[in-house]
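Visitor: I'm new to this one. Can you walk me through it?
Guide: Gladly. Here it comes.

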Amino acid sequence: MATLQTLNCSAKLFYRRSSVRPLPLRGDAARQGWRRSVTSPDAERLLIAVAQHRDDQAFANLFSEFAPRIKAFMLKGGADGAVAEELAQETMVQVWRRASSYDPVKASASTWIFTIARNKRIDRLRRESRPTLDPELYVSSQPQPTSPFDTVEAHQKKALLHQFVAHLSTEQIEVVEKAFYQDKPHSAIAEDLDLPLGTVKSRIRLALGRLRMLIEKQGMEENS
Amino acid sequence: MIHHRPPHDILVDYATGALAQPLAIAVATHAELCPESLAEIADIEAVGGVMLASLEPVKMSENALDRVMALVGEMDNRIPDTEIDAGPDISMRDEIRKSALPPAIRATLDGKTDTIAWQRRGPVIESTVLDCDLDNYEVRLFRIKAGKTVPQHTHEGLEITVCLTGGYTDGRDRYARGDFQVADPMVNHQPVADNDEHCIVLTVFEKDIRLTSPLGRLINPFVRL
């Protein structure tokens with residue numbers, strides 16, 4: 001119970017801090033920021049090495065790339081320093097243990113690790129479990145809809161998504177950050193920003209749609 | 001073919017992790033039956049991957065990697081030979097248990113509905129309450145007799161229905177296996193099951209449902225008398 005209160009307090013603290021924090025810069029500064037933060041294109045290869053050979057060195061490389069970002073992710077989600085550290089470690093334990101279930105055709109390494117970190121965050125900070133999908137059981141025999149992410153080539157584009165985020169407006173970045181970093185549903189984001197729910201819905205929808213459009217555009221340019 | 005899919009904001013809340021667990025059960029159940037929603041969720045999660053990778057790193061403690069390696073070493077060694085056939089080690093089994101869909105949903109999707117402990121709720125409906133993590137939500141399976149009508153009711157809060165077997169009609173729209181219905185709080189609902197088979201639906205709602213018919217008050221399964 002004490003822990004829960006601590007968490008609540010730190011969530012509030014973070015909340016206050018974050019509300020006065022400057023939004024990410026746009027333009028060159030932002031682009032550099034995103035570039036600095038890119039995961040190496042080797043992440044998939046490293047993850048597969050861990051899955052197939054229990055490769056310690058590959059894991060150490062993954063760890064140095066991802067653990068400090070998972071820790072940042074947990075801090076933004078309202079964890080205090082010690083809890084964020086612990087959750088980052090636990091997430092990396094899962095990365096090691098579940099590496100064999102990673103499918104590079106379905107997701108980039110960072111996406112796969114995001115889902116594990118997200119579930120850890122829900123489990124610990126909200127005390128809820130996470131129902132996961134077992135799609136193989138029911139949909140594997142059906143044709144999949146085409147998506148820019150469906151092919152291996154298209155999946156490579158996911159790694160380049162970061163370049164596009166700089167094309168979003170400040171307002172769009174704000175809502176996307178609240179959704180992904182702060183674990184907030186649409187309704188809470190609307191309350192935070194004192195905006196009608198419909199505005200938040202359309203803003204997030206536009207932001208995600210724009211990202212997707214930029215990816216598709218790049219895909220077409222590269223194929224032509 | 002799925003005709004009714006969750007609105008975009010619910011899929012986003014699911015993919016970011018913000019959706020309350022009982023509602024996430026409904027989305028996960030639907031998405032298992034709907035490749036289109038699965039793809040949409042995967043797309044949103046891909047943005048999450050980039051958002052994670054884009055964070056400014058925060059220094060880990062000095063011995064963090066050693067601690068993680070020690071933990072995984074411990075876990076890898078903990079499976080005695082005799083237990084290998086029994087599946088993954090205990091902590092892993094626990095994780096799988098926690099992350100799986102409720103067994104009654106799985107049983108329904110697998111066509112094993114006779115294993116479910118149905119409780120009669122009036123002449124038309126049987127139901128069973130499923131566990132969830134939040135007290136202010138209720139997660140239930142309902143089995144509606146073929147051709148029968150569910151008592152009329154409206155909703156205070158959000159109510160989501162996922163059709164698992166058979167089909168039903170609510171107002172103008174028909175819902176079949178995999179379809180996802182978000183109930184509009186302003187509208188009276190009176191779902192009618194298809195004539196040819198029993199209809200099983202998963203329903204998740206925030207408690208506090210307002211009844212509109214006196215008969216409903218007696219037999220409406222949503223009410224705890």
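Guide: From the N terminus on, the elements of chain A run α-α-α-α-α-α-α-α-α-α-α-α. Helices (H or I, at least four residues) and strands (E, at least two) are DSSP runs, numbered from the N terminus. The model is predicted: local features need pLDDT of at least 70, side-chain atom pairs count only at pLDDT 80 or more, and totals for chains, interfaces and linings use all residues. Residues are numbered from 1 along each chain as its sequence is written, chains are lettered from A and ligands numbered from 1 in the order in which they are written, and side-chain values use heavy atoms, with hydrogens and water left out.

Visitor: How many helices and strands does chain A have, then?
Guide: Chain A has 12 helices and 0 strands.

Visitor: And what share of chain A is buried?
Guide: Of its 224 residues, 50% are buried. Buried means under 20% relative accessible area, exposed over 50%, partly exposed in between (1.4 Å probe, protein chains only).

Visitor: Which residues in chain A have a positive phi without being glycine?
Guide: Arg54(A) is one of them, with phi of about 50°. Arg54(A) sits in the loop between α3 (43–53) and α4 (56–76) of chain A. Asp194(A) is another, with phi near 55°. Its place is the loop between α11 (186–193) and α12 (197–223) of chain A.

Visitor: Are those two exposed or partly exposed?
Guide: Arg54(A) has 31% relative accessibility, so it counts as partly exposed. Asp194(A) is at 70%, so it counts as exposed.

Visitor: Switching to chain B. What is the strand order in the sheet of 6 strands?
Guide: The order is β1-β2-β3-β9-β4-β7, in an open sheet with antiparallel pairing. Two strands pair if DSSP finds at least two bridges between them. At the edges are β1 (119–121) and β7 (180–183) of chain B, each pairing on one side only. On average, neighbouring strands of this sheet are turned by 30° against each other, direction ignored. Axes here are lines fitted to C-alpha atoms, for helices over the stretch in contact, and angles run from 0 to 180 degrees between N-to-C directions.

Visitor: How many bridges join β3 and β9 there?
Guide: Strand β3 (residues 137–144) and strand β9 (residues 199–206) of chain B pair over 8 bridges, in the antiparallel sense. Arg143(B) stands opposite Ile200(B) in β9(B).

Visitor: What's the order in the sheet of 3 strands?
Guide: That open sheet of chain B runs β6-β5-β8, again with antiparallel pairing. Its edges are β6 (173–176) and β8 (192–193), each with a single partner strand, so one side of each has no neighbour in the sheet. Strand β5 (residues 167–170) and β8(B) share 2 bridges. Thr169(B) faces Val192(B) in β8(B).

Visitor: How do helices α1 and α3 of chain B pack?
Guide: Helix α1 (residues 8–16) and helix α3 (residues 35–53) of chain B pack at about 55°, with axes 9 Å apart. They are therefore oblique to each other. Under 35 degrees counts as roughly parallel, over 145 as roughly antiparallel, 65 to 115 as roughly perpendicular and the rest as oblique.
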